[in-house]
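Me: I'd like to go through this structure step by step with you. Could you take a look and help me find my way around?

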Amino acid sequence: MRRYLDLLRQRDFALLWGGATISAVGDGMSFVALLWLLIERGGTAADVGWLAAINTAPVIIGGLATGVILDAFDPRRVLAADNALRGLAVASVPIASALGVLTTAHLFVVAGIYGLLFMTSAAGIPSLITRLIRRDDLTTANAMESLSFSLSGLIGPGIAGLLIAIVGAPFVLAIDALTYFVFVGCLLAMREGGRGGDAVEHGADGAAAGVPAPGTAATGVPAASRGLGPAIRFIFSAPAIVAITLFYMSVNIAGGIVTVVIPLYVRDVLHAGPETFGLLLSVLTAGDLAGLLFVGAVYWRWPLGRSIAWALFTSGLVLLLWLLQPPVIVLGAILFVLGSLSSSLTPWAQTIRMRLIPPEMRGRVFALLRTSMQSTRPIGAVAAGLLLSQGDLSIAIVAMALLFAVPGFIGIWHPALGRGPTADPERA
């Protein structure tokens with residue numbers, strides 16, 4: 001745990017990570033509370049689907065504007081403003097409920113505000129990490145960022161369910177609003193600008209670490225100070241970033257299929273109930289946590305891009321075992337291994353991006369990349385519905401395996417992802 005403890009001893013990073021984790025757990029609670037409030041108010045299945053869509057769809061719109069804002073202003077203050085606005089929006093629900101004026105439309109508006117502003121933190125946190133953390137610590141820092149989201153998915157919904165049963169959904173939303181303001185306090189308590197915004201450009205000895213000079217992209221093309229155009233051109237000029245982004249989009253499509261296949265497998269093959277469904281989701285999340293803890297704790301000496309490719313290829317092979325229609329214990333083991341392997345993609349990929357993206361356009365590039373990747377998960381859910389229209393799970397399982405294995409196999413041989421045991425994609 002030394003690498004984690006060393007990072008947490010850095011005051012600004014500890015404030016950023018602690019505040020982000022508390023806020024993420026609150027988010028894991030609030031969506032459950034919003035859905036339950038909608039159901040309590042007589043919402044139909046269609047209403048629930050629309051709420052879920054409105055909670056995520058505006059990410060595409062917000063993501064386009066977020067990057068420009070993050071590059072134009074101090075990301076610490078942008079994050080603080082974002083969390084304050086979302087905190088006020090969420091707090092409006094318990095206030096309206098207490099006053100007896102809460103409406104169903106109010107719940108949809110709050111979900112839409114959350115989706116619209118979500119990408120500010122999703123892109124802003126990694127942008128701020130690059131100002132605080134040196135190059136050698138990036139993978140550990142990125143693993144910790146991913147751990148925040150995994151913890152949110154692991155404990156947030158469970159806590160929400162218990163509190164809703166005891167004190168009601170509005171109280172849960174009040175707690176989530178409070179977590180936003182805790183994060184605001186942590187952000188404002190940080191030192192202005194971290195280490196001057198160039199921590200990631202230097203190794204522990206302060207020497208240049210093979211990263212392009214400020215104002216110049218990795219390919220030597222000068223980076224403009226405004227607009228999305230330079231960020232888009234930079235993305236397409238960096239083969240490693242393009243390859244890894246396409247890998248992640250493929251994995252997200254597979255993830256959308258997984259969320260549909262698991263409950264149907266539980267019902268139709270295992271002949272079990274919701275408790276088994278919940279258990280399998282928890283096991284998958286536990287695998288994510290185990291993988292992230294390992295990746296962040298180890299000083300990885302192999303090419304990160306090539307490591308991502310092998311993890312994806314192995315994940316696809318593991319998924320093929322699902323075709324044997326395993327019992328619940330074996331399926332749990334498969335999902336745990338899948339989570340452990342695939343979770344490495346996020347910190348390793350984020351480290352590569354941080355090393356390649358010029359400082360002055362990190363906000364724009366992070367926002368564009370994360371927006372494009374987040375937008376593909378619904379495609380998987382729709383595809384699963386089509387693949388399962390005949391009631392045969394095998395086709396969907398094979399599709400999931402291929403969506404992992406094919407990009408992984410391509411990546412193993414892709415020249416942009418490193419050639420030797422100590423190579424990085426940006427030096428290939």
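**A buried serine and its surroundings**

Reply: Leaving aside residues up to four places away in sequence, Ser-148 touches Trp-17, Thr-21 and Ala-24. Please keep in mind throughout that this is a predicted model.

Me: Ok, and where does Ser-148 lie?

Reply: Ser-148 lies in helix H7, which covers residues 138-167.

Me: Does Ser-148 count as buried or exposed?

Reply: Ser-148 counts as buried, because its relative accessibility is 4%, and the cut-off for being buried is under 20% relative accessible area.

Me: Which side chain does the side chain of Ser-148 make a polar contact with?

Reply: That partner is the side chain of Trp-17, and the polar contact between the two side chains is 3.2 Å.

Me: Let's zoom out. How many helices and strands does the chain have?

Reply: There are 17 helices and 0 strands in the chain, and of its 428 residues 53% count as buried. If you take the contacts between residues at least 6 apart in sequence, 84% of them join residues at least 24 apart.

Me: New topic: which residues are buried in helix H9?

Reply: In helix H9, which runs over residues 229-237, the buried residues are Pro-230, Ala-231, Phe-234 and Ile-235. Seen down the axis of H9, its buried residues fall within an arc of 140°, so they line one face of the helix. On the other side of H9, Arg-233 and Phe-236 are exposed.

Me: What do the buried residues of H9 pack against?

Reply: They pack against three helices, namely H10, H14 (345-356) and H15 (362-374).

Me: Now the rings. How many aromatic pairs are there?

Reply: The count comes to 4 aromatic pairs. One of them is formed by Tyr-265 and Trp-322, an edge-to-face pair with 5.7 Å centre to centre and 75° between the planes. This pair links distant parts of the chain, since Tyr-265 is in helix H10 while Trp-322 is in the loop between H12 and helix H13 (328-342), 57 residues apart. Both Tyr-265 and Trp-322 are buried.

Me: Why is the pair of Trp-310 and Phe-313 called edge-to-face?

Reply: The ring centres of Trp-310 and Phe-313 are 6.2 Å apart and their planes are at 85°, so the pair is edge-to-face, because planes over 60 degrees apart count that way. Trp-310 and Phe-313 both lie in helix H12, 3 residues apart, which is about one turn of the helix.

Me: How exposed are Trp-310 and Phe-313?

Reply: Trp-310 is partly exposed, with a relative accessible area of 46%, and Phe-313 also counts as partly exposed, at 22% relative accessibility. Ring pairs link Trp-310, Phe-313 and Phe-409 into a cluster.

Definitions and conventions. Residues are numbered from 1 along each chain as its sequence is written. This is a predicted model: local features need pLDDT of at least 70, side-chain atom pairs count only at pLDDT 80 or more; totals for chains, interfaces and linings use all residues. Side-chain values use heavy atoms; hydrogens and water are left out. Helices (H or I, at least four residues) and strands (E, at least two) are DSSP runs, numbered from the N terminus. Buried means under 20% relative accessible area, exposed over 50%, partly exposed in between (1.4 Å probe, protein chains only). Contact means heavy atoms within 4.5 Å. The arc is that of the directions from the helix axis to the C-beta atoms. A polar contact is a pair of N or O atoms within 3.5 Å; within protein, one must be able to donate a hydrogen and the other to accept it, and residues adjacent in sequence count only if both atoms are side-chain atoms. Rings of Phe, Tyr and Trp (its six-membered ring) pair if their centres lie within 6.5 Å; planes under 30 degrees apart count as stacked, over 60 as edge-to-face and the rest as tilted.
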